[in-house]
Amino acid sequence: MTNFSPDLGLEAGFSQRLIEAARDQCRVKGLTHEFYRYPARFSPSFVRGAIDVFTKPGDWVVDPFAGGGTTLVEAMAMGRNALGIDISSLSSFLCEAKTQILEDRDLSAFKLWMGHIDDTINMHAPSERHDDYADAGYYRNLDGPEFWRLRKAIEQALSSIERIRLRQAHVLARCVVLRTAQWALDSRKTRPSVKAFKAQMFKQAGLMLDAALEFRDQIISLKLEARPKAISLNRTTAGVENEEVVSEVCPPKLIVTSPPYPGIHVLYHRWQVDGRKEAPAPFWIAGKLDGAGSSYYTLGDRKNPGLQSYFDNLKSTFRSVAAISGEETTIVQMVAFSKPHWQLPKYLEVMEECGLEEHRPWDAPLNDEDGRLWRDVPSRRWHAHQKSHAPGAREVVLIHRKATN
């Protein structure tokens, strides 16, 4: 293990900047971050701090667990290029929606669609059932009579989007429907009326339009010769070094991510309706296909107390992370553990087996006994089945570099 040293690229006082960013308790907001409430969202403040400390404009930033796209949004807003990788097609859709730099013609097409929302949703008009998705089970737990009005409203909204020919306007409008449906269905005790759904969709369209313009204006204000770009890959990170597009942009200057937490179950791929019934509707609304059960997205089955599958998958993933890293790549992670007393040492052992060396680059004193940077998790709805309120209550920042022989 290495303590603070100049070779990590930290100038005097920069570690304090990272400490402050990690411990920031502000809610997720600004730019396009609120397009969708992705479970266990990464802290934009922390990502911004890591990008500020370890990179310069024009550098590449990679997130191998891209999730809701926080890293990609912050990287572009700071003039860096970004590569996001995630096994979930819903994640890839969100990354695209959040990182679009809208053209004027897309704005016009979106505003035209937005202006017809009131006419689009009409319970007296027919709706088009999406048979392929319905037959494949994506209407599950929404196909009962108590949901027919909201289901019909969603179908009508999605049908209206099919008439939008411009890609960026189409994606933004679909994301509006996704976010509104999440508001109406996910973890709610009571279902809103169709009138309330329609009003919320119009409101959400306005908020997301403003956010997209804020994101565009932020990038324009950087006055860079070339606009930063974002690439989103829908695949597992294991083996990603063999992708041509990855070899073209790697090694990056920074890899910053928040991987699935060992022993902490989070529903990345479902909404919860009528109590704990799981609905795969977000994939249908996003126009994507779901992968599989929860273990598909969380690196392992939570029913395995030894988490063997989790750590096996973690090793496969970080071997590829090491493969795309260079001598100047810094790998920054934010992780929590259900049982840190044994899971953290095991986690660090996997990093070492993958050829990654831990650094603790703090030039300021920390209160934590192990010399690592920990933070209390702010109030967060985990969408989780927890046996205790304690798991995941604290997150730790881990910093690694490729080991030198």
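The reply below starts with the core and then moves to its surroundings.

Reply: This is a predicted model, in which local features need pLDDT of at least 70 and side-chain atom pairs count only at pLDDT 80 or more, whereas totals for chains, interfaces and linings use all residues. Residues are numbered from 1 along each chain as its sequence is written, and side-chain values use heavy atoms, with hydrogens and water left out.

The largest nonpolar core holds 119 residues, and Phe-110, Trp-113, Phe-318 and Tyr-347 touch the most other members. Such a core is a set of buried Ala, Val, Leu, Ile, Met, Phe, Trp, Tyr and Cys residues joined through side-chain atoms within 4.5 Å; buried means under 20% relative accessible area, exposed over 50% and partly exposed in between, with a 1.4 Å probe and protein chains only. Helix H9, residues 167-185, gives the most to this core, with eleven residues. Helices (H or I, at least four residues) and strands (E, at least two) are DSSP runs numbered from the N terminus. In soluble globular proteins, nonpolar side chains tend to be buried together.

Apart from this core lies another of seven residues, including Met-76, Ile-101, Phe-215 and Ile-219. Met-76 is one of the buried residues of H3, a helix spanning residues 70-77 in which eight of eight residues are buried. Just after H3, Gly-79 takes a positive phi of about 80 degrees.

The aromatic rings can be followed next. Seven aromatic pairs are found in the whole structure. Phe-110 and Trp-113 form one of them, a tilted pair at 5.6 Å centre to centre with 40 degrees between the planes. Rings of Phe, Tyr and Trp (its six-membered ring) pair if their centres lie within 6.5 Å; planes under 30 degrees apart count as stacked, over 60 as edge-to-face and the rest as tilted. Phe-110 and Trp-113 are three residues apart in helix H5 (residues 104-114), so about one helical turn separates them. An α-helix has 3.6 residues a turn, so residues three or four places apart point the same way. Phe-110 counts as buried because its relative accessibility is 1%, and Trp-113 is buried at 6%.

Phe-337 and Tyr-347 make an edge-to-face pair, also described by 5.6 Å centre to centre but with 85 degrees between the planes. This pair links distant parts of the chain: Phe-337 lies in the loop between strand E8 (330-336) and helix H15 (340-353), while Tyr-347, ten residues apart from it, belongs to H15. Phe-337 is buried at 3% relative accessibility, and Tyr-347 is buried with a relative accessible area of 0%. Elsewhere, ring pairs join Tyr-310, Phe-311 and Trp-342 into a cluster.

Phe-318 connects several of these parts. Leaving aside neighbours within four places in sequence, Phe-318 is in contact (heavy atoms within 4.5 Å) with Phe-65, Ile-331, Gln-333, Tyr-347, Met-351, Cys-354 and Leu-356. Gln-333 in E8 is also the bridge partner of Thr-257, and E5 and E8 pair in the parallel sense over four bridges. Two strands pair if DSSP finds at least two bridges between them. Strand E2 (residues 60-63) pairs with E5 as well, in the parallel sense over two bridges, and Val-62 stands opposite Ile-255 in E5. Both faces of E5 are covered, with Leu-254 and Val-256 buried on one side and Ile-255 and Thr-257 buried on the other. In the loop between helix H11 (244-249) and strand E5 (254-257) lies Pro-251, and the peptide bond from Cys-250 to Pro-251 is cis, with omega near 10 degrees.

Two charged side chains also meet aromatic rings. The charged end of Arg-188 sits over the ring of Trp-183, 4.9 Å from its centre, and Arg-191 lies over the face of Phe-147 at 4.6 Å from the ring centre. The criterion is NZ of Lys or CZ of Arg within 6 Å of the ring centre and within 35 degrees of the ring normal. Ser-187 lies in the loop between H9 and helix H10 (194-221). Phi of Ser-187 is near 60 degrees, a positive value in a residue other than glycine, and Ser-187 counts as partly exposed at 32% relative accessibility.
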